[in-house]
Amino acid sequence: MLGWSAQTTVIAMVLAAIAILASRSRRLGPAARHVLWLVVMIKLVAPPVVNWPWSPPKLWVTARPASIAAPTAHPIVNQQTVREDREATIDETPARPTVATPAPPIGWNFDLLGQGLFGLWLGISATIAVWQVGRIVRFQRRLAWAIPAPEWLVQEVRDLSVQLGVRAPEILVLPDLAPPMLWFLGRTKLLVPGRLVSNADLLGLRAILAHELAHLRRGDHWVRRLDFFAGLIWWWNPVYWLTRERLGTEAELACDEWAIRTVPDGRVSYAEALLDVCRTLSTTRSPAPALGVAGAGRFLERRVNMILQNHAPSRISVPVLLGAGVLALLALPGWSAAGSPPAKSNDSASKEGKILVSSATIADATIVASDDDDEKDDAATKAEIAKELKNELGPGSDFQKAMKNVGEELKKELGPGSDFEKEMKNLGPELQKELGPGSDFEKEMKNLGEELQKELGPGSDFQKNILSKAKEIEKRFGPGSDFERKMQRLGQKMATKYGEGSEFAEKMKKVKKDAKTVKTSSDTSSEKKEKTKTKAQKKTGASKSKARDLKALRSQIDELNAKLKKLEEGDREEDE
Amino acid sequence: MDEIKAGLSDAEREALNALWDHGPGTVRQLLELIEARGRKWVYSTVATLLRRLESKGYATSESVNGSLVYRAAVSREDLLDRRLKEAAAELCDGAAVPLVLALVQGNRFTSEELDRIRRIIDEAKTKVVRRKER
């Protein structure tokens, strides 16, 4: 139990740190922050029914101070360790991680200390439970002094309930100076102080009623029940008190948002009504000791400021809900300490959690222990503890009821008809809105097409570039271009080099003359002449082919020019 | 007012409400109104509830032509103006009672705190008035 509490505290601290860090973001409204804190609260009360397959961070083993490091409140565990110590057997490794604590140093009976701590814990928890139940009973009894609400107020609440989508609660008017309240023992009752009914400005009263109904709409009464249960276990834990305070604060702020959204013209009236309620409470000389809530004044100021200026949404966005869901999934199941498998139990037993299983093993342990005379007293106390545990946590107990409430709350939060479901449903149309016809996405796509056409289509820079390049090519290689002139010059050069009257031609003539002179000398020489002749012919043939190439190039350029002209004409027509 | 001896149960409250809304009436007349409001009570239940209201000081009765006519002894307004010292404590720290959600937590605000909030609201008010004038 101590191990579980330390582990839960550590995880809850991590979750709380995440909630605190996330709350710094201005984009998160009170409703979103509330969900993050709710994860912390659920972690605090959720029993370790599901075990993760991996080993947990064994923080508590090292983090616990030496004085409470060894003790464990698990009676079965203690039983085993005691027996093992006596029989001096160390071969059997106990199933539970808390057993694996180091051997206690000499001079300290850690088992006893652990039991003492656990007993103290249970004792104080029981005292708190009795005290709280007493307060509930007294409060319920005082409600006998309430009077039926006038018909117009009933109608007002009915209208607002329809507007907020909640079942209208029963309304009672208190002839007292109490603040407006929701009371949810049995059928939910909305308690309105008579002062507000007789002299409040109607807009302000309407906003106050909307605020209270918003609590029902958001399911804050379930959170309050959860908080009641958590308070019985975690009264000593600062993480619990922080979570409780944050949950209360964020819920009030979220409901204020609902109120001003439901009664948009009532901002100032609502702030006035709120101040009036606080003034009345402060001036009432309550016979009970003053219930000082730290920072109540500052918080009231923050609320009033928000009521007068707020524009934030009071709904939780889907990403926040998903994030909180992932957090919860990661953190809520109990980590199987030291990789020990979860206790085997059938379906019905697993619903009641492992605690019942452990209480059964406690009973076994007492039977085992009873054969030893010395251990009889010990066993009796353990049986008592087991009984107490069963009463506290077994069927029909507050624990079980609270667990049921958690389930119901989750169902309300995430099940059919819940905000989550609605948001999920809204996601479809929203996506269609985002991406479908008429959406920004579609417009952007259209714009992209238009831009591309503008960039690459007729009249675009791209086209102009292409045209200018073509013109450049024409300029370079077309008629009157340098290229043409070069080609012409080349032709002329060729003509002067190899044409008539050129050195080449004269040489050729000489060669011919020489050939004539040598013709008679040998056939082979004439053959040689023939060869040189063909060579010369070939050379002139090469210049001819070059000229042909030139012609072909020119015709190609002409063709390109013609195409360009056609394109340009086409463009002009389109532009016109 | 002084004769009121005890609080009301839920059923008694409903009967008193019927008495206020209907005005003086016989058990049968009041039963008709209660039935019209969706309650399935029998004659004897209403008669018992009215008798209890009378014993607690909320109603009086007189015999008219042989039948008992009940009328409310206190008005709703009387009860609204009532300040119950004994209930005040329990209800004022209601915010801290489990199973309660109160509009404000804590019941002690210093006068400085209240004055500061008063100023904030007044500033907002003048702004609204100016906006309307424009």
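Me: How many helices and how many strands does chain A have in this predicted model?
Reply: In this predicted model, the secondary structure of chain A is made up of both kinds of element, and the strands number six. The helices of chain A come to 24.

Me: What percentage of the residues in chain A are buried, and what share of its contacts with a separation of 6 or more joins residues 24 or more positions apart?
Reply: Chain A has 576 residues, and the buried ones make up 31% of them. For the contacts in chain A with a separation of 6 or more, the share that joins residues 24 or more positions apart is 75%.

Me: What is the mean pLDDT of chain A, and where is the pLDDT below 50?
Reply: The mean pLDDT of chain A is 70, and 54% of its residues reach 70 or more. Where pLDDT is low, the predicted coordinates should not be read in detail.

Me: In what order do the strands of the five-stranded open sheet stand, and which are its edge strands?
Reply: The sheet is open, its pairing is mixed, and the order of its strands is β2(A)-β3(A)-β5(A)-β4(A)-β4(B). An edge strand here pairs on one side only, and this holds for β2 (147–148) of chain A and β4 (100–102) of chain B.

Me: In which sense, parallel or antiparallel, does β3(A) pair with β5(A), and in which sense with β2(A)?
Reply: Strand β3, residues 170–174 of chain A, meets strand β5, residues 189–193 of chain A, over five bridges, and the sense of this pairing is parallel. Within it, A:I171 has A:L190 as its bridge partner, while A:L174 stands opposite A:P193. With β2(A) there are two bridges, and A:P148 has A:L172 as its partner in β3(A). The sense of the pairing between β2(A) and β3(A) is antiparallel.

Me: How many of the five residues of β3(A) are buried?
Reply: Strand β3(A) is described as mostly covered. Of its five residues, the number that are buried is four.

Me: Why do the buried residues of α2(B) lie on the same side of the helix?
Reply: Helix α2 of chain B spans residues 27–36, and its buried residues are B:V27, B:L30, B:L31 and B:I34. They lie on the same side of α2(B) because the arc they cover around the axis is only 105°. An α-helix has 3.6 residues a turn, so residues three or four places apart point the same way. The answer is therefore the arc of only 105°.

Me: What covers the buried residues of α2(B), and which exposed residues does the face turned away carry?
Reply: The cover over the buried residues of α2(B) includes α1 (10–22), β1 (25–26), α3 (43–56) and β3 (67–72) of chain B. The face turned away from the buried side carries the exposed residues B:R28 and B:A36.

Me: Among the elements of chain B, which has the lowest mean pLDDT and which the highest?
Reply: Chain B as a whole has a mean pLDDT of 84, and 84% of its residues reach 70 or more. Among its elements, the lowest mean, 56, belongs to helix α5 (residues 85–92), while the highest, 94, belongs to α3(B).

Conventions
Residues are numbered from 1 along each chain as its sequence is written. Chains are lettered from A and ligands numbered from 1 in the order in which they are written. This is a predicted model: local features need pLDDT of at least 70, side-chain atom pairs count only at pLDDT 80 or more; totals for chains, interfaces and linings use all residues. A residue is buried if 20 or more other C-beta atoms lie within 10 Å of its own, exposed if 12 or fewer, and partly exposed in between; C-beta atoms are placed from the backbone. Two residues are in contact if their C-beta atoms, placed from the backbone, lie within 7 Å. pLDDT is the predictor's confidence in each residue, from 0 to 100. Two strands pair if DSSP finds at least two bridges between them. The arc is that of the directions from the helix axis to the C-beta atoms.
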